[in-house]
Protein chains: 4
Amino acid sequence: MIIVMKRDAGEAAVAAVIAKLESIGSEGHVSKGQYRTVIGALGDREAIHQVPWEAIDGVERAVPVLNSYKFVSREFQPEDTVIEVRGVPIGRADEFVVVAGPCAVESREQLFRTAEAVRCSGARVLRGDAFKPRTSPYSFQGLGEAALELLDEARAEFDMPFVAEVLDPRDVELVSSYADILRVGTRNMSNYTLLQEVGRQPKPVQLKRGFTATLQEWLNAAEYIFKEGNHQIIMVERGIRTFETAARNTLDITAVPLLKQMAHLPVMVDPSHAGGKRQLVAPLARAAAAVGADGIMVDVHPEPETALVDGEQALLLEDFDEMMKAVTAVAVAVGRST
Amino acid sequence: MIIVMKRDAGEAAVAAVIAKLESIGSEGHVSKGQYRTVIGALGDREAIHQVPWEAIDGVERAVPVLNSYKFVSREFQPEDTVIEVRGVPIGRADEFVVVAGPCAVESREQLFRTAEAVRCSGARVLRGDAFKPRTSPYSFQGLGEAALELLDEARAEFDMPFVAEVLDPRDVELVSSYADILRVGTRNMSNYTLLQEVGRQPKPVQLKRGFTATLQEWLNAAEYIFKEGNHQIIMVERGIRTFETAARNTLDITAVPLLKQMAHLPVMVDPSHAGGKRQLVAPLARAAAAVGADGIMVDVHPEPETALVDGEQALLLEDFDEMMKAVTAVAVAVGRST
Amino acid sequence: MIIVMKRDAGEAAVAAVIAKLESIGSEGHVSKGQYRTVIGALGDREAIHQVPWEAIDGVERAVPVLNSYKFVSREFQPEDTVIEVRGVPIGRADEFVVVAGPCAVESREQLFRTAEAVRCSGARVLRGDAFKPRTSPYSFQGLGEAALELLDEARAEFDMPFVAEVLDPRDVELVSSYADILRVGTRNMSNYTLLQEVGRQPKPVQLKRGFTATLQEWLNAAEYIFKEGNHQIIMVERGIRTFETAARNTLDITAVPLLKQMAHLPVMVDPSHAGGKRQLVAPLARAAAAVGADGIMVDVHPEPETALVDGEQALLLEDFDEMMKAVTAVAVAVGRST
Amino acid sequence: MIIVMKRDAGEAAVAAVIAKLESIGSEGHVSKGQYRTVIGALGDREAIHQVPWEAIDGVERAVPVLNSYKFVSREFQPEDTVIEVRGVPIGRADEFVVVAGPCAVESREQLFRTAEAVRCSGARVLRGDAFKPRTSPYSFQGLGEAALELLDEARAEFDMPFVAEVLDPRDVELVSSYADILRVGTRNMSNYTLLQEVGRQPKPVQLKRGFTATLQEWLNAAEYIFKEGNHQIIMVERGIRTFETAARNTLDITAVPLLKQMAHLPVMVDPSHAGGKRQLVAPLARAAAAVGADGIMVDVHPEPETALVDGEQALLLEDFDEMMKAVTAVAVAVGRST
């Protein structure tokens with residue numbers, strides 16, 4: 001932590017900061033400039049981070065040098081985390097994993113038609129949600145456990161692991177008893193009780209970025225899961241909220257190389273929720289492959305105009321097949337296979 | 001809903017939209033302009049909102065005319081909702097209610113010193129949290145039920161109702177058994193399972209705005225609570241996330257008059273979390289009183305430099321007293337008493 | 001400047017940074033922590049700010065301690081700047097100055113009716129633009145010099161100084177030869193050639209905040225004007241661009257107390273352009289008075305539904321009168337007279 | 001335009017809107033729903049757009065159906081605009097054009113070393129600025145005409161056309177007399193007098209997106225140039241301002257496919273200014289190629305640690321060569337050659 005004193009802070013204020021540091025077993029290095037005195041705090045990271053430095057008289061500002069997340073950082077573990085899910089390796093530098101399926105499970109027929117088609121086109125993991133968080137209480141909220149049973153059947157039929165969202169800490173065990181991968185959605189990225197609950201499961205977790213979360217906050221959310229003992233975390237960039245409303249969200253493509261530097265976890269992109277429009281999915285999916293993501297997750301629906309959730313962004317089965325070809329070409333150009 | 005067709009959409013596409021509308025018991029009014037055909041959808045709001053119009057061939061864009069929230073709207077109930085909490089009326093046009101206390105309960109002494117001081121300066125409701133959502137898993141997370149017991153004592157001692165945050169649906173009954181008002185924090189505004197749970201309690205709920213939520217989304221979150229049967233909802237503006245980082249958040253003061261138009265619920269402002277710095281609290285509190293809010297909620301701490309949560313923004317006991325005088329003068333200028 | 005080295009930066013990298021500092025006549029204080037070495041750079045502010053520190057091997061990040069603006073800062077001049085315009089003092093702690101008039105001058109009748117009414121209700125400075133920056137090239141762009149002549153007449157008739165916007169460096173002398181105060185609009189806050197040109201005029205300048213400018217950038221824009229010799233600068237907060245679209249912009253009310261700390265210049269608020277809707281003007285104007293602004297600038301039009309620019313936000317003459325009464329009451333509550 | 005009336009708007013208010021429409025030679029189609037009356041305005045786009053609908057009694061909101069830009073739209077011209085600059089075709093579906101060079105021209109040696117290297121690695125257009133817009137008035141502002149003379153020499157020596165920024169309407173003719181392509185920078189995107197001036201030149205114009213401009217506003221800025229007679233406009237996405245500060249800006253990669261739908265102009269990406277960090281340039285450049293951009297513009301410097309402008313983001317000569325290879329592979333994968 002670097003503590004910048006106010007211009008008019010006197011010796012006593014500087015001494016008080018030093019004393020505070022010493023009281024927590026740390027120490028301070030003082031640099032006096034022409035206009036400002038700056039104190040470098042050295043010692044235990046957590047202890048130093050707990051102190052409300054800017055509440056202390058004479059302190060203008062405290063600038064952290066170290067991040068508050070630790071175990072998920074690239075510093076803690078230099079090599080990439082690779083997560084194997086029923087034989088599919090997520091996070092390997094030469095693989096690009098495509099997750100695809102309906103946004104929500106609506107019926108056996110809808111799920112099975114989609115699963116068969118995406119499998120055939122090259123997807124390796126199935127998606128399909130049983131519980132949906134919806135802005136309006138009057139919207140379709142998912143089929144619940146019945147959907148998980150259908151996904152279980154589809155997994156067997158098409159030999160694909162599946163991922164499903166979990167919304168409520170009380171449902172975590174239920175979803176975890178069916179799904180191969182749990183997903184924490186964008187609205188729940190800062191739902192810490194949910195993060196702790198999935199952190200205690202033996203299943204990998206996709207952690208979507210809150211649509212207004214900084215990378216620091218997102219990695220802290222991952223740290224919550226990691227700290228509970230679950231180290232199999234897949235970060236999913238899905239667009240952030242900005243002033244631009246021409247697309248549903250603004251895909252933060254830069255987050256991919258930044259995360260790869262900051263942390264050792266696999267990074268995926270969700271071009272469907274990012275763009276929110278069918279015609280944007282393929283270009284954004286190609287960009288994700290080119291920028292260095294470990295995979296993508298794509299909404300597909302056999303009849304999007306009847307979809308109960310997010311039909312606007314679902315690819316038709318044939319669109320998905322075409323997208324897979326284009327994405328594969330780009331992935332190959334950067335040294336990965338799909 | 002207004003459905004704008006693409007420039008090149010033909011008769012068949014228009015007919016398909018009309019047919020879709022009729023299939024859900026609604027109808028369409030067609031206006032043909034020089035460049036675009038526009039279809040006004042008339043009929044049942046929910047049925048029309050469920051259709052993914054932009055997934056239908058030939059549709060360029062669908063613009064909702066009505067909001068998706070209903071019961072919390074000013075249209076549904078023209079008169080203001082006023083919530084009485086142990087004799088304190090929240091939402092009355094001639095009152096300005098000040099909620100104050102520590103961000104988190106840390107000890108009996110800290111709580112009681114603060115409660116006594118804020119009561120004496122004119123606060124009418126006590127705040128103090130037992131469970132804290134923290135960005136980092138290594139930060140102090142609250143004293144839990146022990147804090148609720150201290151708040152219970154303080155309530156009796158100082159004759160003030162209190163509000164406390166709830167984070168986990170599994171804790172709602174516990175918190176509700178102690179607190180006079182429940183609070184859903186900014187990170188949980190879109191935690192729909194939590195909203196439903198507090199919607200089933202017989203206690204008023206403070207619903208803080210998600211720091212990236214639009215007013216529409218915020219009112220939809222309130223609708224979740226209302227729909228479960230709890231109509232005692234207090235909206236709390238606490239700053240939104242923008243590009244400006246000079247303060248912790250950007251207080252959206254405009255949200256207050258906008259919400260007052262859109263909905264019938266009381267609106268408060270939290271100047272402490274909005275500004276995130278002690279010296280900003282009083283000016284923002286005055287602005288809240290002037291703009292027409294029904295009250296404010298303020299962090300106060302006897303020794304902010306030792307606070308375990310958000311010490312930077314806590315007012316000292318004497319600062320709070322001074323702020324109360326200034327805020328009262330402004331409240332009086334707009335016809336309210338504190 | 002504080003220079004944080006990468007974790008793996010060795011002695012040589014640290015030595016290179018020190019050498020660079022010495023080569024520009026500065027020096028470096030080194031603090032070695034467990035995970036990072038931090039170097040405090042001491043010496044000439046400008047020389048240190050010019051170096052692209054993060055382009056140097058081994059440097060992770062460079063954090064400025066001092067601001068890049070200087071003359072406009074509160075540190076440079078502790079006392080408030082007060083600007084007298086034909087007897088109206090702008091920036092005095094006991095005055096609240098209301099600027100009002102039409103957004104654009106459209107006709108003699110429109111201008112004179114408005115000027116007479118706002119003068120009578122208590123406005124002390126007239127606004128009315130001759131040149132308008134418009135998003136679309138097909139919108140009304142202002143009457144040009146003819147408008148300035150009308151404003152000149154209105155000034156004499158109603159004994160009010162007037163402010164007018166300037167868009168083009170080539171028009172600065174023309175506008176300056178008529179107006180009492182020049183205005184640089186939000187779209188031109190970073191038009192440095194225009195800032196330099198108004199910096200050479202003997203007239204005060206209203207500098208509106210760019211709708212996406214940080215306070216730092218805004219103060220740097222003021223520094224451009226100051227540096228050319230013009231010290232009469234009035235900062236005007238007019239709303240920033242955020243994700244929230246319920247109002248035209250998000251009024252950053254917090255900017256007022258922050259600017260008052262950071263700089264010595266008068267600060268006004270433009271509630272009309274901030275909210276963009278007639279019914280928001282009065283509440284935002286009251287908030288501006290309460291928060292500590294030195295004044296407001298308000299759009300008024302005798303027949304807003306015929307206005308050529310921004311009719312949605314113009315107050316009717318009678319609305320303005322009512323607003324003045326409410327704003328005056330709030331101003332008095334904070335120790336200012338209008 | 002679609003005009004949505006307030007719930008309580010009566011017959012008279014609807015009649016007044018219809019009368020207003022008729023007074024400007026247009027007409028209105030009325031649809032009455034259960035809660036709202038909606039009026040579709042049919043007729044002359046500009047005339048309808050000029051009216052401040054929301055200032056009229058009883059009107060809740062006016063939603064434009066058509067865009068305010070016209071000539072730059074894909075509707076106006078379905079085929080792609082291709083701009084030939086000394087034999088380099090910009091905007092052709094099978095080409096990917098790389099513009100590279102120093103951010104600012106600092107010396108003959110710096111410029112020539114860079115130009116030679118980037119030419120050799122495959123860049124086809126040279127960049128190098130003579131006038132630089134800087135946030136701080138104390139930063140290096142460019143060499144002016146001397147830089148243009150050096151660029152002129154470099155063009156001859158290395159057989160590459162060059163692009164240079166123009167800041168001041170008074171300098172447009174000077175820059176235009178040297179450069180092959182003019183550039184309007186991000187801070188000047190809404191400097192309409194500058195846009196008009198470059199609109200009168202016989203040289204292509206790169207129009208960078210304002211870092212807070214919506215796509216609509218950006219296309220309207222292009223329309224300003226087009227309307228003056230200059231149809232050779234290249235749109236350059238360079239990142240927008242959001243809450244995320246881990247990179248300098250947030251590259252809005254989605255803007256590329258959206259612009260391609262909305263307009264017929266070539267679209268480039270500037271990965272250097274978007275990311276602001278050297279290590280982000282190559283991944284973002286690959287993403288730009290994959291998403292369907294017509295080219296990129298990249299900062300390169302032989303010794304970034306001595307650069308006078310933006311050294312943090314400049315590629316070293318050897319980094320650029322490596323980036324070109326990777327970008328070429330991705331471009332080939334999407335059917336383009338560099």
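The following legends describe close-up views of a predicted model.

**View 1. The largest nonpolar core and its most connected members.** This core comprises 170 residues, of which Leu207(A), Phe320(A), Leu207(D) and Phe320(D) touch the most other members. Apart from it lies another core, with 169 residues, including Val118(B), Phe158(B), Ala246(B) and Ala100(C). In soluble globular proteins, nonpolar side chains tend to be buried together.

**View 2. The surroundings of Phe320(D).** Leaving aside residues up to four places away in sequence, Phe320(D) touches Val98(D), Ala100(D), Val118(D), Ser121(D), Ala123(D), Val298(D), Val300(D) and Leu315(D).

**View 3. The interface of chain A and chain B.** Here 47 residues of chain A are in contact with 48 residues of chain B. The two chains bury about 4100 Å² between them, with 51% of this area on carbon and sulfur atoms. On the side of chain A, the most area is lost to chain B by Pro137(A), Tyr138(A) and Arg170(A), which together account for 16% of what that side buries.

**View 4. Salt bridges and polar contacts between chain A and chain B.** Four salt bridges are found across this interface. In one salt bridge, Arg241(A) pairs with Glu217(B), and the closest N and O atoms are 2.6 Å apart. Polar contacts across the interface of chain A and chain B link 21 residue pairs, with both residues at pLDDT 80 or more.

**View 5. Elements of chain A that face chain B.** Two or more residues each come from α2 (45-50), α6 (192-198) and α7 (215-227) of chain A. Of the elements, α7(A) gives the most to this side, with five residues. By class, the side of chain A that touches chain B holds 17 nonpolar, 14 polar and 16 charged residues.

How values were computed: Residues numbered from 1 in each chain as written. Chains lettered and ligands numbered in written order. Predicted model: local features only at pLDDT ≥ 70, side-chain atom pairs only at ≥ 80, totals over all residues. Heavy atoms only, no water. Core = buried A, V, L, I, M, F, W, Y, C linked by side-chain atoms within 4.5 Å. Buried < 20%, exposed > 50% of the residue type's maximum accessible area, 1.4 Å probe, protein only. Contact = heavy atoms within 4.5 Å. Buried area = accessible area lost by both parts, 1.4 Å probe. Salt bridge = Lys/Arg side-chain N within 4 Å of Asp/Glu carboxyl O. Polar contact = N/O pair within 3.5 Å; in protein donor to acceptor, adjacent residues only side chain to side chain. Helix = DSSP H or I, 4+ residues; strand = E, 2+ residues; numbered from the N terminus. Nonpolar A, V, L, I, M, F, W, Y, C, P; charged D, E, K, R; others polar.
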